[in-house]
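Take a moment with the sequence and the 3D view. Then read on for a short tour of the fold.

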Amino acid sequence: FLVLYRMDMDAMQKMMAESSAEDRKKGMDEWGAWMNENKSIFADMGGPTGKNSVMSPDGAKEESNDIGGYSIVQAESKDAAVAMLKGNPHFTMPGAKIDIAEVMSM
């Protein structure tokens, strides 16, 4: 399953501006611990995403979205993937959401 970590980017920028380096380190440590504790569920742990471009037949243009990162998890069903991701530290972020989409076999 493709996992997209989404958040309100304006709220995220505000949080980053108002939080201390210690607070940001604590958050990253929580992420690292959660990822390590759950490493068996990941086909690809993924990572943060940068600025995106949207392509059309006419070319590409930079466009903002609310995707902050991705992972690929292995699960028997979407419900199982949802259960695996409960307690994910991403939910401490402002406006946090996680999209889960099945990666279909070709």
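This report goes from the whole chain to its sheet, and then to a hairpin.

## The chain as a whole

The model is predicted. Its protein chain has three helices and six strands. Start at the N terminus and follow the elements: they run β-α-α-β-β-β-β-α-β.

How far does the C-alpha trace span along its principal axes? The answer is about 45 × 45 × 20 Å. Take the contacts with a separation of 6 or more: 70% of them join residues 24 or more positions apart.

## Surface and charge

The protein chain has 106 residues, and 25% of them are buried. A residue counts as buried when its relative accessible area is under 20%. The chain exposes about 7400 Å². Carbon and sulfur atoms supply 54% of that area.

Now look at the charges. The chain carries 11 positive and 17 negative charges.

## The four-stranded sheet

Which strands form the open sheet, and in what order? There are four, in the order β2-β5-β1-β6. Their pairing is antiparallel. The edges are β2, residues 42-48, and β6, residues 97-101. Each edge strand pairs on one side only. On average, neighbouring strands of this sheet are turned by 15 degrees against each other, with direction ignored.

Look at one pair inside this sheet. Strand β1 covers residues 2-6, and strand β5 covers residues 67-73. They pair in the antiparallel sense over five bridges. Find Tyr5: Gly69 in β5 stands opposite. As a general rule, side chains in a regular strand alternate between the two faces of the sheet.

## The β3-β4 hairpin

Strand β3 spans residues 52-56. A hairpin connects β3 to β4, and two residues make the link. The two strands pair in the antiparallel sense over five bridges. Within this pairing, Val54 has Lys61 in β4 as its bridge partner.

How many of the five residues in β4 are buried? The count is zero. Strand β4, residues 59-63, is hardly covered.

## Recap

Trace the chain once more. The predicted model has three helices and six strands. Four strands build the open antiparallel sheet, with β5 and β1 between β2 and β6. Strands β3 and β4 pair with each other over five bridges, and a hairpin of two residues joins them.

Methods:
Residues numbered from 1 in each chain as written. Predicted model: local features only at pLDDT ≥ 70, side-chain atom pairs only at ≥ 80, totals over all residues. Heavy atoms only, no water. Buried < 20%, exposed > 50% of the residue type's maximum accessible area, 1.4 Å probe, protein only. Contact = heavy atoms within 4.5 Å. Areas by Shrake-Rupley, 256 points an atom, 1.4 Å probe, with all protein chains shown as cover. Lys, Arg positive; Asp, Glu negative; His and termini not counted. Charge placed at Lys NZ, Arg CZ, Asp CG, Glu CD. Pairing = 2+ DSSP bridges. Axes fitted to C-alpha atoms, helices over the stretch in contact; angles between N-to-C directions.
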